[in-house]
Amino acid sequence: MCVHLWLTLRSVELFWWFFTVVLFAVGLIGTVVPVFPGTIIILAGALLHRLMLGPEKSVGWRIIAILVLLTLVTYVLDFLSGYFGARFFGATKWGMFGAILGALAGTVFGIVGLFIGPVIGAVAGEFMAGKRMIDAGRAGWGSLLGNLSALMGKLLIALVMITIFFLTVPAPF
């Protein structure tokens, strides 16, 4: 009877470990594919692990707070990098507005559209503001570099979040 109960509890614990790892994998994909909120999924995996297995077999609330902070940093990074990327290369308000509209329109075309849409939008916005082709092209290039830097930053932070989790949680074996 006691062995059966131990095996049942062990199976439940392994299930939640597996589920957490799956959420981490989906979260990593979500940092690259804009449809999924990647770091929120990673945070949800860590939080669910904590709630289902308890404090003695999971991370503490201090680690959860650090993961929440890192999640917020990814959204700030995402917001500011596109703005500063285009701004650094000389985009006007028209170019910034065009980049935002291009990003929204680009969602229809998948991942490629999310990178090309803001570029086309920034260039179109700069043309509407009366800029020359070279200046409009710089604004589009800045938008692309800003989006790529945000993607790389979010991916790095997601990997840091997962690493923090695995370094602080007791091993299941």
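**Entry 1: terms and ground rules**

A salt bridge, as I use the term, is a side-chain nitrogen of Lys or Arg within 4 Å of a carboxyl oxygen of Asp or Glu. I am working with a predicted model, where local features need pLDDT of at least 70 and side-chain atom pairs count only at pLDDT 80 or more, while totals for chains, interfaces and linings use all residues. Residues are numbered from 1 along each chain as its sequence is written, and side-chain values use heavy atoms, with hydrogens and water left out.

**Entry 2: salt bridges**

I looked up the salt bridges and found three in the structure. Which residues are linked in a network of salt bridges? They are Arg132, Asp135 and Arg138.

Arginine 132 pairs with aspartate 135, and their closest N and O atoms are 3.7 Å apart. Aspartate 135 also meets arginine 138, side chain to side chain, at 3.0 Å from N to O. Aspartate 135 and arginine 138 are three residues apart in helix α6, so about one helical turn separates them. For helices I rely on DSSP runs (H or I, at least four residues; strands are E, at least two), numbered from the N terminus.

I then checked how open the two arginines are. Buried means under 20% relative accessible area, exposed means over 50%, and partly exposed is in between (1.4 Å probe, protein chains only). Arginine 132 is exposed at 56% relative accessibility, and arginine 138 is partly exposed at 41%.

The other pair I noted is glutamate 13 with lysine 57, at 3.2 Å from N to O. Is glutamate 13 buried or exposed? Glutamate 13 is buried, with a relative accessible area of 8%. Lysine 57 is partly exposed, at 36%.

**Entry 3: the chain as a whole**

I listed the secondary structure next: six helices and zero strands. Read from the N terminus, the order is α-α-α-α-α-α. The radius of gyration of the chain is 21 Å, well over the 16 Å that the globule rule gives for 173 residues, so the chain is more spread out than a compact globule. That radius is taken over C-alpha atoms, and the globule rule is 2.2 Å times the number of residues to the power 0.38. Along its principal axes the C-alpha trace spans about 80 × 30 × 20 Å.

Of the 173 residues, 39% are buried. I also looked up contacts (heavy atoms within 4.5 Å). Among contacts with a separation of 6 or more, 69% join residues 24 or more positions apart.

**Entry 4: the nonpolar core**

I count as a nonpolar core a set of buried Ala, Val, Leu, Ile, Met, Phe, Trp, Tyr and Cys residues joined through side-chain atoms within 4.5 Å. The largest one has 18 residues, and Phe24, Ile42, Ala46, Val59, Leu67, Met161 and Phe165 touch the most other members. At least two residues of this core come from each of α1 (2-32), α2 (38-53), α3 (61-88) and α6 (133-168). The largest share, five residues, is from α6.

I followed one member further. Leaving out residues up to four places away in sequence, isoleucine 42 touches Phe24, Gly27, Leu28, Ala158, Met161 and Ile162.

I looked up threonine 74, which is in helix α3. Threonine 74 is buried, with a relative accessible area of 2%. Which residues is threonine 74 in contact with, leaving aside its neighbours within four places in sequence? They are Thr39, Lys154 and Ile157.

Serine 143 is in helix α6 and is buried, with a relative accessible area of 2%. Not counting residues up to four places away in sequence, serine 143 touches Gly85, Ala86, Ala99, Pro118, Val119 and Ala122.

**Entry 5: the surface**

The chain exposes about 10,100 Å², and carbon and sulfur atoms supply 81% of this area. Accessible areas come from the Shrake-Rupley method with a 1.4 Å probe; for residues, only the protein chains shown count as cover.

I found a nonpolar patch on the surface made of Leu47, Leu51, Met52 and Trp61, with about 400 Å² of accessible area together. Patches consist of residues with over 30% relative accessible area and no salt bridge; nonpolar side chains (Val, Leu, Ile, Met, Phe, Trp, Tyr) are joined within 5 Å, like charges within 9 Å. Three residues of the nonpolar patch, its largest share, come from α2. Leucine 47 lies in helix α2 and is partly exposed, at 31% relative accessibility.
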